Amino acid sequence: MQLTKKTNIAAQLATATCVLLGSAQTHAAPTTSGEWQFDTAILYYGETDRVSLVEGVVSATKDFGDDHIFNGKITYDGLTGASATGAVAQDAVQTFSRPSGKGGYQVAANTTPLDDTFRDSRVQLNANWAQPFSSGIAGGVGVHISKEYDYFSAGLNGNLSFDFNQKNTTLSVGSSFQYDQIDPVGGKPIGLSSMPMRPYSDYDDDDEQSESENSDEFYDSAFTTQYQSREKSADKNTLDVLVGLTQVLNRRTIMQVNYGLSVADGYLNDPYKLLSVVDTTGVTQDIVFEERPDTRTKHNIFWQTKYAMNNGVVDVSYRYMQDDWDIKSHTVESRLRFNVGESGYLQPHFRYYRQGAAEFYRPFLLANEALPEYASADYRLGEMTAYTLGIKYGQKRANGDAWAVRLEYYQQNPQNAGFAEPEALQQQDLYPSIKAMVLQFNYSF
Amino acid sequence: MKNKMKLALITIVVSQVVGCASLGVQPWERDLLAKEEMALNAEGVDLSLDDHIYFSKEATSGGRGFAGGGCGCN
């Protein structure tokens, strides 16, 4: 009996998630009020020599009867490590100011500049409510709030779904609004302005960083003024609309097609990203902050099909994205679940991703050319392919609890989107690959 | 030529959507589709963790759900 109840709740949870994410509700069985169902996970994500992340999730779901479902979720993540600043490697040691302006750091010759002060923790709370309204019509509302050291985000979303054709076809429409505020360390830099450099050349290395941060005599007044005159915070609004159609094709196959529109308006820069301004030989003359447009409109098409095999599930999906920054991307993903024994399963995961560069992406700027209106050297806006290979093993316990473990490898291969490189940059690896491992444990009870 | 391609594509999409009306199963044929792992968003916790990683490492987000990330990682 306990087993049945758990299974029902899990199915309800999936349905509720479906509804709240703007997908279609595919099945619903009448139920009575149930117990709380908890889904927990802890994930480690580690890149070679760069970022590492630990993320924990606790999600609690309760059916208050007749598919009136509440879900609350808390997510915590802790991030440390270094991320690429966008500046190019040089054949000499380079010196950069910290984002705060308090101190600086040096990057060795022939090394991709990384900002190693990347350290943050984030807490996110989500709450969702889903319920049917009348025969064939269901809806849901959700809120989220998220806070990290220099960032705050809050959002609202709502969704309606309409079943017809004996619940074989479901049309869903959803919308979300999100407000984000960023308080960059050191204030908001002016786009494409030069990174302030202290008038000294005695930048300390990392080990002596704390010492330099505490030293007042360290600052030159003109240098300090550049930070003090900056705006302290910036914000953006994001509006999403999602329309989805889910269709049962036959006893074994279900398909979904979504169209998503996302419009972001406001401060879309990454305040910590830089660009090198190089001369015709490729030697850095200046370092400037990036500048992106203040609006972005994205269109997504997402298609997914699931097929029930006798001993497992085939899940394939494809996504196409295009935006008015001229980025186009393709994502293909598959999960193949093979049931093992009575209660276990083994699930290989494959994902391939390819994106084109934003029209304002520049791996570097040339000193003898006029500054463009917008420019970013953030490799995440450049041309890139990426793939993920993973394996997951999961098992249901006799008491109805379930556990799973998954291990994945993720590699990004940024590419030159057709930029001619001055001589000094030809010896540098301007598009280094990023390799990461993911390890995750799940437990549901 | 491009217009013809577009027209052909629209025809295919429309015919698929209209065709939906004759697709599907009877309520008593939902044994396989009703399985937990056949829900389109089965493993929701994994999917949201993946979304967070890819949101912060790539230029694309959303598709399955809303595109907003709720974090300052991109």
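This is a predicted model: local features need pLDDT of at least 70, side-chain atom pairs count only at pLDDT 80 or more; totals for chains, interfaces and linings use all residues.
Residues are numbered from 1 along each chain as its sequence is written, chains are lettered from A and ligands numbered from 1 in the order in which they are written, and side-chain values use heavy atoms, with hydrogens and water left out.

**The two chains**

Keep chain B selected and colour it by secondary structure: it has two helices and zero strands, where helices (H or I, at least four residues) and strands (E, at least two) are DSSP runs numbered from the N terminus. Of its 74 residues, 47% count as buried, a word that stands for under 20% relative accessible area, with exposed meaning over 50% and partly exposed lying in between (1.4 Å probe, protein chains only).

Now select chain A, whose secondary structure comes to four helices and 21 strands. Among its 445 residues, 51% count as buried, and its accessible surface comes to about 19,500 Å², of which 58% belongs to carbon and sulfur atoms. With a contact taken as heavy atoms within 4.5 Å, residues 24 or more positions apart account for 64% of the contacts in chain A that have a separation of 6 or more.

One such place to look at is Thr246(A), found in strand E10 (residues 234–250) of chain A and buried at 3% relative accessibility.

**Where the chains meet**

Show both chains together and select the residues in contact, which number 94 from chain A and 50 from chain B. The two chains bury about 5,800 Å² between them, 52% of it on carbon and sulfur atoms; buried area is the accessible area (1.4 Å probe) that two parts lose on being put together, summed over both. On the chain A side, Arg251(A), Lys306(A) and Arg380(A) lose the most area to chain B, together 11% of what that side buries.

Side chains of opposite charge can pair when their charged atoms come close.

Select Glu47(A) and Lys57(B), whose closest N and O atoms are 2.6 Å apart in a salt bridge. This pair crosses from strand E1 (residues 37–47) of chain A to helix H2 (residues 44–57) of chain B. Glu47(A) is buried, with a relative accessible area of 8%, and Lys57(B) also counts as buried, at 11%.

Next, Asp50(B) forms a salt bridge with Arg335(A), the closest N and O atoms being 3.1 Å apart. Both residues belong to a network of salt bridges that also includes Glu333(A), Lys392(A), Arg406(A), Glu408(A), Glu43(B) and Asp46(B).

**Inside chain A**

Move to Arg296(A) and Asp323(A), a salt bridge with its closest N and O atoms 2.8 Å apart. Because Arg296(A) lies in strand E14 (residues 295–309) and Asp323(A) in strand E15, the pair ties together parts of chain A that are 27 residues apart in sequence.

For the aromatic rings, those of Phe, Tyr and Trp (its six-membered ring) pair if their centres lie within 6.5 Å, and planes under 30 degrees apart count as stacked, over 60 as edge-to-face and the rest as tilted. By this rule there are eleven aromatic pairs over all chains. Select Trp325(A) and Phe360(A): their ring centres are 5.1 Å apart and their planes stand at 75 degrees, so the pair is edge-to-face. Trp325(A) is buried, with a relative accessible area of 2%, and Phe360(A) is buried at 4%.

Finish with Trp36(A), Phe64(A), Phe70(A) and Trp129(A), which ring pairs link into a cluster.

How values were computed
A salt bridge is a side-chain nitrogen of Lys or Arg within 4 Å of a carboxyl oxygen of Asp or Glu. Accessible areas come from the Shrake-Rupley method with a 1.4 Å probe; for residues, only the protein chains shown count as cover.
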